[in-house]
Amino acid sequence: MKIAIAGAGAMGSRFGYMFKVAGQDVTLIDKWQDHVSIINRSGLTVNDNGVTKICRIPAVLPDRADGHYDLILVLTKAMQLDVMMKSIRPIIDERTNILILSNGIGNIETLEKYVSKEQIYAGVTLWTSELDGPGKVTLTGSGSIELQKIGEGSDQFFQALIDTMNQAGFNAKVSRNVLVSIWQKAALNSVLNTYCTILSCNIGQFGGLENAVELLQPLVNECVTVAHSSGVMIDRDAILKAIGTIFDPKMGGDHYPSMYQDLHSKRRTEVDFLNGAFSRMGDRLHIATPYNHLLTDLIHAKEHLARAN
Ligand code: NAD
C-alpha cells in the first residue's frame with residue numbers, strides 16, 4: 001500500500017517505521033525542516049524497545065509532497081490538523097483515503113472540510129511514542145488500534161487497511177462505534193492531561209492525591225452529560241475504571257502526559273479539543289460545564305505564561 005504519514009512526529013514516526021518494516025511504500029510528511037533533513041540524510045533512528053535501528057524512509061516538507069497515495073494517515077496534534085490538510089490538498093484526490101488517529105474531539109469535522117465522508121476512517125490507538133529530537137524516536141511497549149469507516153467508504157479498502165495494519169503488528173480491529181471510543185479517550189485525557197499539567201505532576205502522583213476523586217468525578221460527569229446530550233453514549237464507569245488503571249505505575253502512572261510536555265516545550269496544547277470541546281458543546285446545549293471552562297482557561301493562561309518566560 002502506498003502510504004503517506006502526514007505529521008511525522010512521535011506517533012507518525014512510529015507508524016511510518018512499523019509500516020516500512022512490514023514492506024509498505026511509506027513517505028513521511030512533516031514541516032519540521034531539521035527532522036526531514038536528518039531522516040533523509042541518515043535515516044530515522046528508532047530505539048525500538050531498547051534496540052537501536054536505522055530505518056530508511058523518504059521524508060518531505062508538505063509543499064514537496066506529490067503523487068497519489070492509497071492512504072494518508074494523519075497524525076498531527078488536533079490543533080494542527082486544519083493547516084496540515086490545507087497544505088497537503090495537492091496530493092488529495094477523490095480516491096485518497098484518509099485515516100485520522102489523533103486525539104481530541106472535532107477532527108472528523110475538520111477532515112470533512114477537505115474530503116467526503118466516504119474517504120474518512122477514524123480510530124483511537126493505545127500505541128505510544130516519544131520523540132528524542134530531530135530524526136530520533138523511542139518506542140516502548142505495545143498497543144492496539146480500533147477504527148471505523150465514517151461514511152460509506154469501500155469495504156474492500158477498509159479490509160485491506162486492517163490487514164495491512166495487522167501485518168505491520170498494529171493489533172487493529174474494527175470498532176462498532178468509534179465515536180464513543182474517541183470521546184471516552186477525550187474525557188480521560190481531559191482529566192489526566194489537564195490536571196497533571198496544572199499540578200505539574202505525573203499520572204500516578206495525581207492518582208495518589210487525597211482529593212483526586214473529588215477533582216476528577218465532577219469533571220467526568222460534565223463530559224458524560226455533554227456527550228449523552230450530543231447523542232454519543234460514553235460510559236462513565238468505563239472512563240473512571242480506565243483512569244484508575246492508569247494511576248498504577250506499571251500501567252503508565254509514571255508518565256507525564258503530552259499536554260504537560262507540550263507546555264514545558266512552550267508549544268500549544270490540545271486543550272481546545274479536550275476540555276475546550278466539552279465546554280463549547282456544553283454552551284451550545286445550555287449545559288453548565290464549570291470545571292471544563294475553568295480548566296481550559298487555566299491551561300490557556302499557563303500557555304501564555306510559558307511563552308512569555
Ligand atoms: P508530535 O507533536 O510529536 O507530532 C506532530 C507532528 O506534526 C510534528 O512533527 C509536527 O512538526 C507535524 N506538523 C504539525 N503541523 C504540521 C503541518 N501543518 N505540516 C506538516 N507537519 C506538521 O505529536 P504526537 O505525540 O505524535 O501526537 C500526534 C497525535 O497522536 C496527537 O493527537 C496525540 O494526542 C496523539 N497521541 C499521541 C501519543 C503519544 O504517545 N505521543 C499516544 C496516543 C495518541
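This is a predicted model: local features need pLDDT of at least 70, side-chain atom pairs count only at pLDDT 80 or more; totals for chains, interfaces and linings use all residues.

Modeller: Asn202 sits in the loop between α6 and α7, the latter spanning residues 203–207. Its relative accessible area is 11%, and because buried means under 20%, Asn202 counts as buried. The side chain of Asn202 also reaches the backbone nitrogen of Gly204, at 3.2 Å.

The loop between α6 and α7 also holds Ser200, and Ser200 has a phi near 50°, a positive value in a residue other than glycine. Whereas Asn202 is buried, Ser200 has a relative accessibility of 41% and is therefore classed as partly exposed. Elsewhere in the chain, Asn49 likewise has a positive phi, of about 50°, although it is not a glycine. Asn49 lies in the loop between β3 (44–48) and β4 (51–55), and with a relative accessible area of 44% it is partly exposed.

Leu192 and Asn202 are ten residues apart in sequence, and their C-alpha atoms are 8.8 Å apart in space. Leu192 has a relative accessible area of 2%, so it is buried. Leaving out residues up to four places away in sequence, Leu192 touches Ile203, Phe206, Ile243, Ile246, Phe247 and Pro257.

Helix α6 also packs against helix α11 (residues 275–285), at an angle of about 115° and with the two axes 9 Å apart. On the α6 side the contact is made by Trp183, Ala186, Ala187, Ser190 and Thr194, and on the α11 side by Asn275, Phe278 and Met281. Sorted by class, this contact of α6 with α11 has five nonpolar residues, three polar ones and no charged ones.

Asn275 lies in helix α11, and it is buried, its relative accessible area being 0%. Apart from neighbours within four places in sequence, Asn275 is in contact with Ser190, Thr194, Leu219, Asn292, Leu295 and Thr296. By contrast, Ile38 is 36 Å from Asn275, C-alpha to C-alpha, and 237 residues away in sequence.

Eight strands form an open sheet with mixed pairing, in the order β5-β2-β1-β6-β7-β8-β11-β12. Its edge strands, each pairing on one side only, are β5 (59–60) and β12 (172–174). Within the sheet, β1 (residues 2–6) pairs with β2 (residues 25–29) in the parallel sense over five bridges, and β1 also pairs in the parallel sense with β6, over four bridges. Ile5 can be followed in both directions, standing opposite Leu28 in β2 and opposite Leu73 in β6. From there, β6 runs parallel to β7 and is joined to it by four bridges, and the bridge partner of Leu73 in β7 is Leu99.

In a regular strand the side chains alternate between the two faces of the sheet. Strand β6 is covered on both faces, with Leu71 and Leu73 on one side and Ile72 and Val74 on the other, all of them buried. Helix α5 (residues 155–167) lies across β6 (71–74), β7 (97–100), β8 (120–125), β11 (145–149) and β12, and runs at about 170° to β11.

A polar side-chain atom of Glu270 lies 2.7 Å from an oxygen atom of the ligand, while from Asn103 a backbone N or O atom lies 2.9 Å from a ligand oxygen atom. For Lys77, a polar side-chain atom lies 3.2 Å from an oxygen atom of the ligand.

Technical notes. Residues are numbered from 1 along each chain as its sequence is written. Side-chain values use heavy atoms; hydrogens and water are left out. Two strands pair if DSSP finds at least two bridges between them. Helices (H or I, at least four residues) and strands (E, at least two) are DSSP runs, numbered from the N terminus. Contact means heavy atoms within 4.5 Å. Axes are lines fitted to C-alpha atoms, for helices over the stretch in contact, and angles run from 0 to 180 degrees between N-to-C directions. Buried means under 20% relative accessible area, exposed over 50%, partly exposed in between (1.4 Å probe, protein chains only). Ala, Val, Leu, Ile, Met, Phe, Trp, Tyr, Cys and Pro count as nonpolar, Asp, Glu, Lys and Arg as charged, and the others, Gly among them, as polar. A polar contact is a pair of N or O atoms within 3.5 Å; within protein, one must be able to donate a hydrogen and the other to accept it, and residues adjacent in sequence count only if both atoms are side-chain atoms.
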